[in-house]
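This report goes through selected features of one protein model.

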Amino acid sequence: MPAGRAVVLLRRFSTGDNRFKSLNLNQNTSKENILSHPLCNHRDIEISKRISLINHNTFPSLQVKRSYNSDNIIKMTSPTPETSSASQHKHTNRLVSEKSPYLLQHAHNPVDWYPWGQEAIDRARKENKLIFLSVGYSTCHWCHVMEKESFESESVAQVMNEHYINIKVDREERPDIDRVYMLFIMASTGSGGWPMSVFLTPDLRPVTGGTYFPPEDRYGRPGFKSILLSLAAKWKENQSQFLEASNNIMVALKDMSKVDQESSFEIPGEATWNKCVRRLMNQYEPEFGGFGTAPKFPQASIFNFLFHYYARDKNNADGKKCLEMCLHSLTKIAKGGIHDHVSSGFARYSVDGKWHVPHFEKMLYDQAQLTVAYTDAYLATKDDFYADVVRDIIKYVNRDLRHPSGGYYSAEDADSYPFYGAPAKQEGAFCVWEYHEIESLLGDKLIGSTPYIDIFCDYFNVEQCGNISRGSDPHGELKNKNVLIIYGSKEETADKFAITVEELDDVLAKCINILFEERLKRPRPHLDDKMLCSWNGLMLAGLAQAGQGLGEKEFIEDAVKTAKFIREHMYDPNTKTLIHSCYRCEDGSVTQSAEPIPGFLDDYAFLIKGLLDLYEATFDPFWLNWAQELQEKQNELFWDAETGGYFTCSNEDSSVVLRLKEDQDGAEPSGNSVACHNLQRLAVHGANTRDAAQRILRAFATRLEQAPTALPEMMSALMFYNDSPTQVVISGPREDERTLELARAVRSRLLAARVLSVHDNDAPVGGNTKPRGDVPTAYVCRRFACSLPVTTVTQLEKLLDEPLPQQ
C-alpha cells in the first residue's frame with residue numbers, strides 16, 4: 001500500500017520539532033498497558049506500513065490506551081434506560097436534529113457539537129480555529145466511556161467550545177470520513193480504534209490525533225483537558241508550523257493511498273494463493289481454531305477464501321487442510337461464548353483465545369457473513385450442526401434486528417443496565433449469568449432423579465464462582481459471572497448423566513427457553529436502528545445463499561423482502577443511485593435525513609453481490625437486471641480510469657480531502673474485493689466486465705503478492721479469474737419442477753466460483769443453450785471447457801462431482 005518513504009515522512013510530520021516538547025501526548029505507559037481488552041477496533045484498520053522514526057515532541061500522536069480507573073462502567077445521566085423527555089436535559093446541541101443514533105447519543109452534551117458539514121467548516125475558517133473531530137459509533141463501549149468522562153463534563157466542554165469547532169461523526173454513516181483520518185491515525189501511531197480523536201486545521205488537514213484518552217493528567221502524561229489547552233495555545237502561537245506540518249502530512253497520505261500502476265504488473269497466479277494458504281496455516285491456532293491470538297475475530301473473508309481453495313480441488317492435500325481449519329474454527333466459534341447460546345447470534349469478537357468472553361456487541365455484518373460461512377460448512381459436510389447455526393443466526397436477525405418492512409438494523413450494544421433503575425451500564429450485563437440466578441430458574445426441575453441444573457451447568461461449563469478468568473476481566477466487573485461455553489460434546493454429557501442425546505436435547509432446549517424468558521425481563525442493550533445499504537446487501541447475500549444451500553424457502557422470501565426494502569428506501573430511481581442509510585422513526589416508519597448520504601462503493605458492491613445471489617435463488621431476471629444497472633452506476637461514480645480499481649467514495653463531496661482505495665479485507669470485505677467477484681459473475685451473464693476485474697487484480701497485484709492474507713476475499717476473486725467460473729446453465733421453464741430439481745443439485749454442493757442461471761423465454765441471457773426436446777437441460781462449463789448437455793439430476797450430479805480439469 002504506502003511507500004516506506006511516505007510512512008517515515010508522515011510519522012515525522014505528525015510529531016513535529018523540538019519547539020513543542022512540552023506537549024508529550026503519547027500515553028503508552030506500562031501501567032495502562034496492563035489491560036487485555038482492546039479499544040473498539042476492527043481488524044480492517046490494519047495497514048501494511050506505518051510511520052517510523054517517531055519524535056514525540058511537536059504534535060505527538062494521541063496513542064492512548066484504556067484508562068485503568070474508568071472501571072469499564074458507563075455512568076449515565078439518568079438511572080433509567082435512554083428514553084427521556086427533552087425537558088429533562090440541561091443542554092441541547094445541533095446533533096438533536098440528526099438521524100444517526102450515535103449523534104443523537106451526544107445531542108445533550110454541553111459540547112457545542114456540529115455534524116460533519118459545511119456549516120462547521122465555514123465557522124472554523126471564519127474564526128480561524130482548530131477542529132476537534134470525534135468519530136465513533138453508537139454501540140462502541142469506549143466511545144461511551146469518553147463521552148461520560150469528557151464530553152458530559154461542563155469544564156471540559158467549556159474548553160472545547162472556547163477553543164475549537166467540535167464535529168461528531170458516526171463512522172458507519174460516513175465511512176469515507178472515517179477512513180481518511182483512520183489512515184492518518186494508524187500511520188502516525190501504529191494502532192487505531194474508536195473513539196477516534198483527530199485535530200484538524202480549518203481546511204480539514206490532520207495535525208495530530210489518537211483514540212480514547214482519559215480526562216485527567218496521570219503518570220506524568222496529560223489528560224484530555226490539558227491536551228486541548230496545550231494545542232490551542234500552540235495554534236495561537238505558531239499557526240504556520242501547524243499549517244506546514246498539515247500540508248506535509250497530506251502529501252504523505254496521498255502517497256500512501258496510491259496503489260501501484262497497473263501497467264507494471266501481471267496478474268498473479270497460483271503461487272500467490274498458495275502463499276496465502278501457507279501463511280494462514282502458520283497463523284492457524286489448532287486448539288480452538290481461528291487465526292492468530294487474542295483478541296480473536298471470526299474473519300469471515302478468510303473462511304470464504306479457504307472454502308474456495310478446497311472446493312476447486314477437493315483431492316488436494318492442502319485443500320483438505322483448508323477445509324479442516326474452517327470446520328474446526330467454525331465449530332469452536334459456534335460452541336464458544338462469542339455465540340449467544342440463549343438469544344442467538346454472534347458477538348463481534350472474543351477478548352481471549354478460546355472464543356469464550358466476547359466483546360458483547362452484535363453487528364449485522366458479522367451475522368450476514370457468518371451465515372455464508374456456516375452455509376458453506378454445511379454444503380461441504382452435510383452436517384446438520386452447521387445448518388442449525390445458520391438457522392440460529394437468521395432467527396436472531398429476524399427477531400431482533402429487522403424492521404417490519406424488511407430492512408435490517410445495524411447493531412446491538414455491548415453495554416446495558418444490569419437492572420431497571422441501575423445507576424450505571426455495564427458491558428455484557430444483558431448476557432451474563434450468576435450461578436444462583438440459574439439455580440433459581442432451574443433448581444426444581446428434574447429428569448428422572450437428575451436436576452436440570454446439573455446437566456445444564458456441565459454442558460455449558462457454568463461454575464458457582466463464575467467461569468471468567470481474571471485475565472479476561474481486568475476490571476473485575478464480570479466477577480462471579482458466567483458466559484455459556486461448550487467444551488465437550490453432547491454425547492459426553494449424556495453419558496455422564498445416563499440419559500440419551502435426545503433426552504439431553506430436550507432438557508437443554510427447555511433450559512434455554514427458561515433463561516431466554518428471564519433475560520427478556522432485563523433492560524435491553526441499545527439498538528442502533530440505523531439501516532445501512534452495504535450491510536443490508538451483505539445480509540441479503542447471506543439469506544439468499546442460506547436459502548439455496550439449506551433448501552429453506554422462507555430464507556429466500558426474507559431475501560426478496562430485503563431487496564424490495566432497499567429499492568424502496570435506499571435507491572433513487574430518477575438518478576439510479578443508492579442512498580447509504582435510512583432510519584426508523586419513533587412510530588416505526590422509515591425516514592431519511594434532511595440531506596440523504598449518497599451511496600459509497602461498499603453500498604454498490606455489497607448490494608450487487610446480494611442481488612446476484614438473489615437471482616440464483618429465484619431466477620427472477622429483475623434482480624439480475626438491477627445488479628447490471630447498479631454496476632454501470634458504480635463504474636461511473638467510483639472507477640479509477642488511470643490505474644484501475646474503485647475509490648471508496650465519489651468525487652462529489654469536496655469536504656473529503658482524500659479519495660482512498662480500500663486494500664484490506666477485515667471485519668467487512670473491501671469493496672474492491674467484492675466488486676472483482678461481481679464483475680466476473682456479470683461477465684458470465686453477458687456483461688462486458690471481465691476486463692475491469694482484470695484491472696483490479698493488476699492494480700492490487702503487489703498487495704496480493706506481498707501481503708496475501710490482507711486480501712483473502714480478493715485472493716478468492718483471483719482464483720476465480722485464473723480458473724474461470726463453474727458455470728451451470730439450465731435451459732427450461734423457471735417454474736418447471738424438473739428445472740428446479742436440476743437447480744437443487746447445483747445448490748446443494750460447494751462449488752468453486754459458481755455461476756448458476758436459467759434460460760427461459762424471458763431470460764436476460766441468450767446463447768446456444770437449448771432444451772433437448774421439451775426436457776429441461778443443464779450445461780456445465782469449468783476451466784474454459786464445457787460438458788455435453790445433460791437432462792437428469794444423476795447425470796448433472798456426476799458432472800459436478802468430477803474433479804476440475806487440469807489447466
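## Sheet and strand pairing

Phe-199 has Thr-208 in β6 as its bridge partner. The coordinates belong to a predicted model. Strand β5, residues 196–200, is joined to β6 by four bridges, and the two strands run antiparallel. In general, the strands of a sheet pair through backbone hydrogen bonds, in either a parallel or an antiparallel way.

β5 and β6 are part of an open sheet of five strands, whose order is β2-β4-β3-β5-β6 and whose pairing is mixed. At its edges are β2 (113–115) and β6 (206–210), each of which pairs on one side only. On average, neighbouring strands in this sheet are turned by 30° against each other, with direction ignored.

## An enclosed helix

Helix α15 covers residues 452–460, and seven of its nine residues are buried, so the helix is largely enclosed by the rest of the structure. The buried residues are Tyr-452, Ile-453, Ile-455, Phe-456, Cys-457, Tyr-459 and Phe-460.

Which elements cover these buried residues of α15? The cover includes the helices α14 (435–442), α16 (490–496) and α17 (501–519). It also includes the strands β14 (446–447) and β15 (450–451). After α15 comes Asn-461, which has a positive phi, near 55°.

## Cysteines

How many disulfides does the model contain? With a disulfide taken as a pair of cysteine sulfur atoms within 2.5 Å, the count comes to one. The bond is formed by Cys-781 and Cys-786, with their sulfur atoms 2.0 Å apart. The torsion about the S-S bond of Cys-781 and Cys-786 is about 105°, so this disulfide is right-handed.

The two partners fall into separate accessibility classes. Cys-781 has a relative accessibility of 17% and therefore counts as buried, the limit for that class being under 20%. Cys-786 has a relative accessible area of 58% and is exposed, a class that begins over 50%.

Cys-326 is buried, with a relative accessible area of 0%. Cys-143 also counts as buried, at 2% relative accessibility.

Two residue pairs illustrate how the chain folds back on itself in terms of C-alpha distances. Asp-384 and Leu-550 are separated by 166 residues in sequence, yet their C-alpha atoms are 9.6 Å apart. Asp-384 lies in helix α13, which spans residues 384–400. With a relative accessibility of 48%, Asp-384 counts as partly exposed.

The other pair is Lys-236 and Leu-130, which are 106 residues apart in sequence and 9.8 Å apart from C-alpha to C-alpha. Lys-236 lies in helix α7, residues 224–237. Is Lys-236 buried or exposed? At 61% relative accessibility, Lys-236 counts as exposed.

Notes. Residues numbered from 1 in each chain as written. Predicted model: local features only at pLDDT ≥ 70, side-chain atom pairs only at ≥ 80, totals over all residues. Heavy atoms only, no water. Buried < 20%, exposed > 50% of the residue type's maximum accessible area, 1.4 Å probe, protein only. Contact = heavy atoms within 4.5 Å. Pairing = 2+ DSSP bridges. Axes fitted to C-alpha atoms, helices over the stretch in contact; angles between N-to-C directions.
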